[in-house]
Amino acid sequence: MADRALVATAHALALDRTAAQVVAALRAAGIDALVLKGPILARWLYADGTPRPYDDVDLLVAPRHLGAAYRVVERIGADPVDLDDALNGAGLEPACAWRLLRERAVVEHVAGQGVLALDPVARAVHVALHAWWHGPAAPKPLEDLRRALGLLPEDGWREAALLADRLRAATGFDGGLALDPAGRELLERLGRPVPRERRATPLAEADPGVRRLAELRLRHGVRARLHLLRRVIVPVPGEMRAHYPGARRGRAQLAAAYALRSGRALAALPGVVLRSRGSA
Amino acid sequence: VQYRIRDDDVEWRRIGGEVVILDLRSSRYFTVNETGARLWPLLAAGADADRLTDELAAAFALDRTVAARDVEAFLGELSERGLVAAVAPADG
C-alpha cells in the first residue's frame, strides 16, 4: 500500500474516533447529531478498498441546537469538526428539514459506538446535493455520486427524488444527478427534467461561509432565507472560533473576526440578491 | 473456537488490497496484508474458522489442511493483539 494512502486512512480512522466521541458528548448534552459523509460514505460506497480520504468530522444537528453543539465540541476540545444545521441545497426551512432527515436516521457503528446517520435514501439525496454544490470540477463528490448511482436501486432513487422534493432540494438534486451520465439517464427514467444548469451559482468569495449566500435563491420562504442570512452574517461564536483560528485567542479577536465575516457577507449580499432576481 | 472482531474496541477500513485497523484502546494502528485482508471482512460478517479456511483454500488453491493452519495462525495473532475475541460457537 502506498504510504500516502496508509497515512490518509490512519487519519480517517482517527477522525472516526473523534466523530464517535463528539456524538457521545452531544448525546450526553441531550443533542442528537447525524454523522454525514466520512465513515458513512467510506463504508457505503468504498467497500472495495478504494481510498476516500477526509479531513474533518461532518455532523448535522437541529438548528436550535447548533450553538449548544459548538459549545460541547469546544468543551471537549474536538477538532476539526464541522457542524451544520442544514444540507447545502435544501431550501426547506431548516427546522422542518431536520425533522424530515431525523425521521430517516439509522444507527451505524463508528469507532466502537452506535451513531446516527442518514439512511441510504437520504444519503443519496445528500450525495447528489454535494456533487451539485461543488460542481463538475470536484472529483470526490462526483465519484461519490457515480458509486451511489451504481449501488442504490432505482426504487431507492425514486424515493430519494420524492425526499428531495419535500426538502425543496429538487434544483440541487436534479442538478447533481445531471453531472453524471448514469444520473442523466436516471432523471429521464424518473420523468424529471434534466436541468441545463448543472451546478450551484458560485460566489467569487474566498470565505466558504460567505459563499453559502449563493443558496439564498434556493431557500423557500422568508423564515428559511432569514435563517440563512443569520447563519452567514452572524454565525454562532463556536462556528466563528472553528473557522477563524484567530478568533480563539480572545474576545477582541472574536469581535474582529465577526466584523470581518459580517462585512464580507454584507458586501456580497447585493450581488446575491441581484442574481436571485435575475434567475427568478 | 470461533472469533469475532472486537467491534467496540477497533475501527477498521479496507484500503487497496489491505486492511488498516485502529485499536481504540491503545491508539495503535495495524495493517493486515492482502491475504489477511481477504479474511477480515468475512470475519467482520461473522464467519467461523471453517468458512475462513474455505475462502483461503479457494483463493490461493491451497490444500485445506495448510489453509486451516494459516487461518489458525492468523486468528491467533489477531487474538494476541486483542483485535478479536473468542466466543462460544452458536448452537445448532
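User: What makes up the largest share of the lining of the second largest cavity?

Analyst: That share comes from H1(A), with three residues, where helices (H or I, at least four residues) and strands (E, at least two) are DSSP runs, numbered from the N terminus. Before we go on, this is a predicted model, in which local features need pLDDT of at least 70, side-chain atom pairs count only at pLDDT 80 or more, and totals for chains, interfaces and linings use all residues. Residues are numbered from 1 along each chain as its sequence is written, chains are lettered from A and ligands numbered from 1 in the order in which they are written, and side-chain values use heavy atoms, with hydrogens and water left out.

User: Which residues lie nearest the centre of the largest cavity?

Analyst: They are A:Thr9, A:Pro51, A:Arg52, B:Arg13 and B:Ile15, out of a lining of 14 residues. Helix H1 (3–28) of chain A and strand E2 (10–15) of chain B are the elements that give two or more residues to this lining, and H1(A) gives the most, with four.

User: Why is A:Asp85 called buried?

Analyst: Buried means under 20% relative accessible area, exposed over 50%, and partly exposed in between (1.4 Å probe, protein chains only). A:Asp85 has 3% relative accessibility, and therefore it counts as buried. Its place is in the loop between strand E3 (81–84) and helix H4 (94–103) of chain A.

User: With which side chains does the side chain of A:Asp85 make a polar contact?

Analyst: A polar contact is a pair of N or O atoms within 3.5 Å; within protein, one must be able to donate a hydrogen and the other to accept it, and residues adjacent in sequence count only if both atoms are side-chain atoms. The side chain of A:Asp85 reaches that of A:His227 at 2.9 Å and that of A:Arg231 at 2.6 Å, so both distances fall within the 3.5 Å limit.

Conventions
1 Å grid on protein atoms, 1.4 Å probe; cavity = no way out; pocket = protein on both sides within 12 Å on 5 of 7 lines; lining within 4 Å.
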